[in-house]
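Colleague: I have the file open and would like to go through it with you. Could we start in the core and then work outwards?
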Amino acid sequence: MNTILETIIAPGSIDFALAIGIILVKIAVVIAIALLHVAYATYFERKVIAHMQVRLGPREVGPYGLFQPFADGIKLFFKEDIIPAKADKPLFYLSPVIFFIAALTSLAVLPFFDGFVIADLNIGLLFLLAMSSLGAYGIILSGWSSNSKFSFLGGLRAASQVISYEIAMGLSLVGVMIMAGSLNLSDIVRAQHAYPTGVFVIPQFLGFFVFVVAAFAETNRLPFDLPEAESELVAGYFTEYSGFRFALFFLGEYTGMLIMSSLLALCFLGGWTIPRFITDFIPFLSAVPGIVWFLMKVYAFMFFYYWVRATLPRYRYDQLMAIGWKLLIPLALINILITGLVKAWIKGLL
Amino acid sequence: MIATAFALGALVVGSIFRLKRPYAEKLMPYESGNPPVGEPRQRFSVKFYIIAMLFVVFDVEAVFLYPWAIVFDKIGLYAFIEMVIFIVILFVGYIYAWKKEAFVWD
């Protein structure tokens, strides 16, 4: 069969087509599962915060309100798409799409469990950082093109906040890179499993702290949600957006949270592995599939996002900048120096 | 690619079904219910420019640190000390920016 076909088309192209087909199926599965997670992340958030504030949260649609995310999605899908008359139309159309694509593309390099990753890039971590800064374009362009004061101020704030904290985040990951010796996320996880503590959070606690704070700021979540501070800027950069364009921003933001949680789980908490001293102590835990550990770590950090949102008030803008530039960046640099020194000492260089 | 298809596809399909009843008031920029006053694109604080310039400096520095961190195992003491000197020089620049009050928002 193959040989007959190969006389018509170029040899080897069937394997090629098959490989592409497998990749496409993988992509579809990952995106579908990620979007389902994102949908339920919104439900989970509303429930968690409601219970922290002694309310009940959504409970009308379906049992325990479980269909609420779908109802919201369908509602937003059929809403009118209002485009302000003064808006810069092409940019206004495109910016939510840019924001959403940047968020979804980052999913490609995340290894969910051993060997399951769409694109096993050897610069996976760098790719993630690049994509997270690409999302800032969507924010800035939406703030600019809406031609509204609230959007404009929100876009400005978002731009300088995201770039300020991106430095701190990039520097906090250098310690992990030194210890793992790789930018490939799967290799980072394997390096952690080979390391005596099993996770990098223990030797890299300074980097971990900087990364957590920067992750909150990068995804514009409370207590750093100044770009969309609803009490002063209505909704910040997406004030003028409605209907499905608003939904794209919303989905993009929650996908960003999911990606930050996954990055944290992969770089600091050991991804799909658990420390060996735990499996030595309780052997049957090593039979649990890796995806379970990975998702547990991701959910724990998502819960932490909501917990912080329900607990802390919003920072002032000058405080936000002071934390980013005066605290996190020096801490990250000190972390790099210490990590480098210790590693050089272990290797016997000093 | 599929992400693009999803986003654009949903927008196009949605545009077939959803309502379209625009009128002048609805298309005005939102300003808490008042008619908008003045131009939205105003002058803004020069601080944002300073932050942007500092970002360029520090981001390039971070990019220099990545390859060094990756090949840390393979390089000797010389490269390590070299990078320590690099970070110290950056720190001097950082302290200068701090003393110049580049991080202070009034």
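Colleague: Which residues is A:A168 in contact with, leaving aside its neighbours within four places in sequence?
Modeller: Bearing in mind that this is a predicted model, A:A168 is in contact with A:V210, A:A214, A:G324, A:L328, A:I329 and A:A332 once neighbours within four places in sequence are left aside.

Colleague: And which members of the largest nonpolar core touch the most other members?
Modeller: That core has 109 residues, and those touching the most other members are A:A168, A:L171, A:M177, A:F211, A:A214, A:L264 and A:C267. Helix α6 of chain A, residues 149–180, gives the most to this core, with 19 residues.

Colleague: A:L328 was among the contacts of A:A168. What lies at A:L328 in α13(A)?
Modeller: A kink of about 30 degrees lies there, shortly before the proline A:P330. As for the length of the helix, α13 of chain A covers residues 317–346, and its 30 residues should span 44 Å at 1.5 Å a residue, which agrees with the 42 Å between its end C-alpha atoms.

Colleague: What follows α13(A)?
Modeller: A:G348 follows α13(A), and its phi is positive, near 80 degrees.

Colleague: Where else is phi positive, say at a residue that is not a glycine?
Modeller: A:V54 is one of them, with a positive phi of about 55 degrees although it is not a glycine. A:V54 sits in the loop between α2 (13–52) and α3 (68–78) of chain A, and it is exposed because 6 other C-beta atoms lie within 10 Å, where 12 or fewer is the cut-off for exposed.

Colleague: Let me step back to chain A as a whole. How many helices and strands are there in it?
Modeller: Chain A has 13 helices and zero strands. Its C-alpha trace spans about 65 × 65 × 40 Å along the principal axes, and its radius of gyration is 22 Å, which agrees with the value near 20 Å that a compact globule of 350 residues would have.

Colleague: Which residues of α7 in chain A are buried?
Modeller: In α7 of chain A, residues 185–194, the buried residues are A:L185, A:S186, A:I188, A:V189 and A:Q192. Seen down the axis of α7(A), these buried residues fall within an arc of 160 degrees, so they line one face of the helix. What covers them includes α5 (124–145), α6 and α10 of chain A.

Colleague: Since α10 came up, is A:Y254 buried or exposed?
Modeller: A:Y254, which lies in helix α10 of chain A, residues 243–267, counts as buried because it has 24 C-beta neighbours inside 10 Å, the cut-off being 20 or more. Not counting residues up to four places away in sequence, A:Y254 touches A:V38, A:A41 and A:T42. The C-alpha atoms of A:Y254 and A:A103 are separated by 9.0 Å, although these residues are 151 residues apart along the chain.

Colleague: What about A:F304, then: where is it placed?
Modeller: A:F304 is in helix α12 of chain A, residues 290–311, and it is partly exposed, with 15 other C-beta atoms within 10 Å. A:F304 and A:M321 are 17 residues apart in sequence, and their C-alpha atoms are 23 Å apart in space.

Colleague: Turning to chain B, what pattern does it follow along the sequence?
Modeller: Chain B follows the pattern α-α-α, with three helices and zero strands, and 14% of its 106 residues count as buried. Its helix α3, residues 77–99, has 23 residues that should span 33 Å at 1.5 Å a residue, and the end C-alpha atoms are 33 Å apart, which agrees.

Colleague: And where is B:F58?
Modeller: B:F58 is in helix α2 of chain B, residues 47–70, and it counts as buried, with 24 C-beta neighbours inside 10 Å. B:F58 and B:L90 are 32 residues apart in sequence, with 8.5 Å between their C-alpha atoms.

Conventions
Residues are numbered from 1 along each chain as its sequence is written. Chains are lettered from A and ligands numbered from 1 in the order in which they are written. This is a predicted model: local features need pLDDT of at least 70, side-chain atom pairs count only at pLDDT 80 or more; totals for chains, interfaces and linings use all residues. Helices (H or I, at least four residues) and strands (E, at least two) are DSSP runs, numbered from the N terminus. The expected span of a helix is 1.5 Å times one less than its number of residues. The bend at a residue is the angle between axes fitted to the seven residues ending there and the seven starting there. A nonpolar core is a set of buried Ala, Val, Leu, Ile, Met, Phe, Trp, Tyr and Cys residues joined through C-beta atoms within 7 Å. Two residues are in contact if their C-beta atoms, placed from the backbone, lie within 7 Å. The radius of gyration is taken over C-alpha atoms; the globule rule is 2.2 Å times the number of residues to the power 0.38. The arc is that of the directions from the helix axis to the C-beta atoms.
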